[in-house]
Amino acid sequence: MKPRHHYVISFIFLTSVICCSSDSSVSKNADEETISEEPSTDNNSNFTSVVEENGQLRILNGVLVNNNNAPVQLRGMSFFWSQWIGKYYTEETVKWLKNDWQCTVVRAAMAVDEDNGYLTNPEVEKQKVFTVIDAAIANGLYVIVDWHSHHAEDYIEEAKTFFAEVSKKYGDVPNIIYEPYNEPLDVSWTTVLKPYHETIIAEIRKNDPDNLIICGTRTWSQRVDEVIGNEINDSNVAYTLHYYAATHKQELRTLVKNAIDNNIPLFVTEFGVSEASGDGSIDSIEAQTWWNFLDDNNISWCNWSIADKEELSAALKPNASTTGSWPLIMLTSSGKMVREELKKKNPKY
C-alpha cells in the first residue's frame with residue numbers, strides 16, 4: 001500500500017512521559033543575549049514582506065527570533081508529496097498563498113524514495129522545489145526545503161548531494177530553511193538520527209553558515225523530548241514536531257511541553273486538523289487548542305497540505321486551480337479553517 005502523508009500513531013510511549021522542568025518561560029543567563037519585546041502583528045505598511053521585515057532568522061535561547069532578536073512565529077502551508085500532487089508547485093500558487101492566505105512560510109515537500117521521487121527522477125523533482133523556492137524569494141516568504149522521506153538514513157549520500165546543491169544555490173538569502181528529514185520512524189535519536197543530521201548539516205554549512213535547519217525526531221517527528229540533553233552542536237537548529245489534532249491531544253502536548261521547558265526550540269513543519277491518517281474526522285476543538293498552545297509558546301507551523309486529494313487534511317477540493325485564485329467553494333473544511341486562522345493571526349503585507 002502506498003503511504004499516505006501520515007499514519008495512525010500509537011500513544012503507548014506517551015503514557016510514561018513526565019514533565020521535569022519547573023519554569024516554562026525562556027531561561028536566560030546574565031551573560032546571554034536577551035530576546036527583545038515581541039513585535040506587533042499589526043499590518044506594517046513600511047514592509048512589503050515578512051522576510052523584508054524580519055530578515056535573517058536564528059535560534060536564541062530556545063526561541064526563533066529575527067535580525068533584531070525579536071520573537072518570530074511563522075504560519076503557512078506545506079505542499080503535498082511532490083511526485084504525487086506536484087501540480088501545485090507553481091509560482092502562482094505561492095503568490096496566492098502570500099496575498100490571499102497571508103502565509104509567511106511555505107514548505108516544499110520533495111518526495112525522495114516513494115514511487116517516482118527524487119531518487120528516480122532527480123531533475124524533475126528538484127525543479128519543482130526550485131520553482132517554489134524562487135517564487136517564495138520573489139514574494140518575500142520563508143521557504144522550507146523538505147527531504148520528504150521516512151528512511152532518510154538509507155540515502156545519506158543522496159541527501160548530501162541535494163542539500164549541498166540547494167545551499168550553494170540559495171544559501172546567500174535569508175528565505176531558506178532546511179529540513180533534512182521529514183519523519184523518521186522508530187529509530188534511535190542517539191545512534192541514527194543525530195549522526196544523520198550532523199552529516200547533512202556539515203554539508204549545508206559549507207555553503208550556508210547562517211540559515212535555520214529543522215531536524216526530524218523519532219516516531220513521525222514527535223519524540224522531541226529525546227533531544228533534551230543530547231542536542232545537535234549547531235547554534236541555529238530547531239527540532240521537528242508533527243501532530244494531527246483529531247489523534248494527538250494532551251498526551252503529546254505534555255511531552256512537547258517537557259521539551260519546551262528544557263529550552264528545546266521547536267518548529268511544526270507539518271500538522272493537520274484531521275486524524276493522523278489524513279482522514280477520519282476533523283476535531284475543531286483540539287485544532288484550536290493546539291493553535292493556542294503553539295501561540296503561547298511561539299512555535300511556528302505549516303499545515304498539511306496544499307492538495308486536492310479526496311481526504312480531510314487536503315486544503316483543496318478536487319480539480320482546484322493550480323494557479324491559486326481559489327474561491328471559498330473550492331476549499332475543504334480544513335482549508336477554510338486554516339485559511340481563517342492564517343488571516344486572523346498573520347500580518348498582511
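Biologist: What do the buried residues of α9 pack against?
Modeller: They pack against β3 (75-79), α8 and β10. Keep in mind that this is a predicted model.

Biologist: Got it. Which residues in α9 are buried?
Modeller: Ser334, Gly335, Val338, Arg339, Glu341, Leu342 and Lys345 are. They sit on the same side of α9, because the arc they cover around the axis is only 160°.

Biologist: And which exposed residues does the face turned away from that side carry?
Modeller: Glu340 and Lys344 are the exposed residues on that face of α9.

Biologist: How far does α9 reach from its first C-alpha to its last?
Modeller: It reaches 19 Å over 13 residues, close to the 18 Å expected at 1.5 Å a residue.

Biologist: You mentioned α8. Where is that one, and how far does it reach?
Modeller: Helix α8 covers residues 284-296, so to speak 13 residues, and reaches 18 Å from first C-alpha to last, close to the expected 18 Å.

Biologist: Which of its residues are buried?
Modeller: In α8 the buried ones are Glu286, Ala287, Trp290, Trp291, Phe293 and Leu294. Their arc around the axis is only 160°, so they are on the same side of α8. The face turned away from that buried side has the exposed residues Ile285 and Asp296.

Biologist: What covers the buried residues of α8?
Modeller: The cover includes α9 (333-345) and α7 (250-261), along with the strands β8 (237-244), β9 (266-272) and β10 (300-306).

Biologist: Nice. What about the ends of α8: what does Asp283 do at the start?
Modeller: A side-chain oxygen of Asp283 comes to within 3.2 Å of the backbone nitrogen of Ile285 there. After the helix comes Asn298, with a positive phi near 55°.

Biologist: Switching topic: which residues touch the most other members of the largest nonpolar core?
Modeller: Trp101, Trp147 and Ile306 do, in a core of 100 residues.

Biologist: What is Trp101 in contact with, leaving aside its neighbours within four places in sequence?
Modeller: Its contacts include Ile306, Met77, Trp96, Ala315 and Trp326. Among the others are Gly335, Arg339 and Leu342, and those three are also on the list of buried α9 residues.

Biologist: Zooming out, how many helices and strands are there?
Modeller: The protein has nine helices and 10 strands. Of its 349 residues, 59% count as buried.

Biologist: And how much accessible surface does the protein have?
Modeller: About 13500 Å², with 47% of that belonging to carbon and sulfur atoms.

Conventions: Residues are numbered from 1 along each chain as its sequence is written. This is a predicted model: local features need pLDDT of at least 70, side-chain atom pairs count only at pLDDT 80 or more; totals for chains, interfaces and linings use all residues. Side-chain values use heavy atoms; hydrogens and water are left out. A nonpolar core is a set of buried Ala, Val, Leu, Ile, Met, Phe, Trp, Tyr and Cys residues joined through side-chain atoms within 4.5 Å. Buried means under 20% relative accessible area, exposed over 50%, partly exposed in between (1.4 Å probe, protein chains only). Contact means heavy atoms within 4.5 Å. Helices (H or I, at least four residues) and strands (E, at least two) are DSSP runs, numbered from the N terminus. Accessible areas come from the Shrake-Rupley method with a 1.4 Å probe; for residues, only the protein chains shown count as cover. The expected span of a helix is 1.5 Å times one less than its number of residues. The arc is that of the directions from the helix axis to the C-beta atoms. A polar contact is a pair of N or O atoms within 3.5 Å; within protein, one must be able to donate a hydrogen and the other to accept it, and residues adjacent in sequence count only if both atoms are side-chain atoms.
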